[in-house]
Amino acid sequence: GLLGRLLLNGGCRRWGWQAVLLGSALFALQVAAYPEGLTGSVPDRWIRVLRLGIPAWLVLYGVIALELGRGWLLPRWLIAIGYASYSIYLSHTLLLAVGRRMWFALVPAGYLPGRGILDAADNVLAFAVLAAAALLAGLASYRFIEAPLLAAVRRRLRPQV
């Protein structure tokens, strides 16, 4: 959409690092302030789209701008995550929803120091643990399910000579 047109048609490729840092900071603030928004339990889902979509858009813009504008190449581990992105997408919602319930059943609210207005320390730690679990589950799903299925389909569809 808009991001592709902006970057691929020779548009603005400046401020890559700034966009990555700003998007990451906004995302971290949203996680700390509104952890319920991660599982979609907010009343208005469009608010969730804005709160999480804008930071995600900024990070995506920044990474692509860095790659196109400066010839910056992503590390292998990020490329692996890119390949597994569909598996991560399919598994993360369920894993985050179940993991969130388990986390708050096992770790009482305010367990960590720094309990403030929004229990930010608890929320950030919970998100970090759950995001890592979702990432690992998605990578495993890609490695053991998606990649073998794609290879089998490609072999089957390859023209026989």
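Axes here are lines fitted to C-alpha atoms, for helices over the stretch in contact, and the angles between their N-to-C directions run from 0 to 180 degrees. With axes taken in that way, those of H2 and H3 come within 7 Å and cross at roughly 160°. This is a predicted model, in which local features need pLDDT of at least 70 and side-chain atom pairs count only at pLDDT 80 or more, while totals for chains, interfaces and linings use all residues. Residues are numbered from 1 along each chain as its sequence is written, and side-chain values use heavy atoms, with hydrogens and water left out.

**The chain as a whole**

- The protein chain has six helices and zero strands; helices (H or I, at least four residues) and strands (E, at least two) are DSSP runs, numbered from the N terminus.
- Along the sequence the pattern reads α-α-α-α-α-α.
- Of the 161 residues in the protein chain, 25% are buried; buried means under 20% relative accessible area, exposed over 50%, and partly exposed in between (1.4 Å probe, protein chains only).
- Contact means heavy atoms within 4.5 Å. Among contacts in the protein chain with a separation of 6 or more, 71% join residues 24 or more positions apart.

**Helix H3**

- H3 covers residues 45–70, which is 26 residues, and spans 36 Å from its first C-alpha to its last, close to the 38 Å expected at 1.5 Å a residue. The expected span is 1.5 Å times one less than the number of residues.
- At Gly53 the helix H3 bends by about 30°, and Pro55 follows within four residues. The bend is the angle between axes fitted to the seven residues ending at a residue and the seven starting there.
- Leu52, Pro55, Leu58, Tyr61, Gly62, Ala65 and Leu66 are the buried residues of H3. Their cover includes helix H1 (2–8) and helix H2 (16–33).
- After H3 comes Gly71, with a positive phi near 70°.

**How H2 meets H3**

- The axes of H2 and H3 cross at roughly 160°, which makes H2 roughly antiparallel to H3. Angles under 35 degrees count as roughly parallel, over 145 as roughly antiparallel, 65 to 115 as roughly perpendicular and the rest as oblique.
- On the H2 side, the residues making the contact include Trp17, Val20, Leu26 and Phe27. On the H3 side, they include Leu52, Pro55, Tyr61 and Arg70.
- Ala25 is in H2 and is partly exposed at 38% relative accessibility. Ala25 and Val59 are 34 residues apart in sequence and 9.9 Å apart in space, C-alpha to C-alpha.
- Arg70 belongs to H3 and counts as exposed, at 60% relative accessibility. Not counting residues up to four places away in sequence, Arg70 touches Trp17 and Ala65.

- Ser87 sits in helix H5 (residues 85–106) and is buried, with a relative accessible area of 4%. Leaving aside neighbours within four places in sequence, Ser87 is in contact with Gly138, Ser141, Tyr142 and Glu146.
- Ala133 lies in helix H6 (residues 120–157) and is partly exposed, with a relative accessible area of 32%. Ala133 and Leu96 are 37 residues apart in sequence, and their C-alpha atoms are 8.4 Å apart in space.
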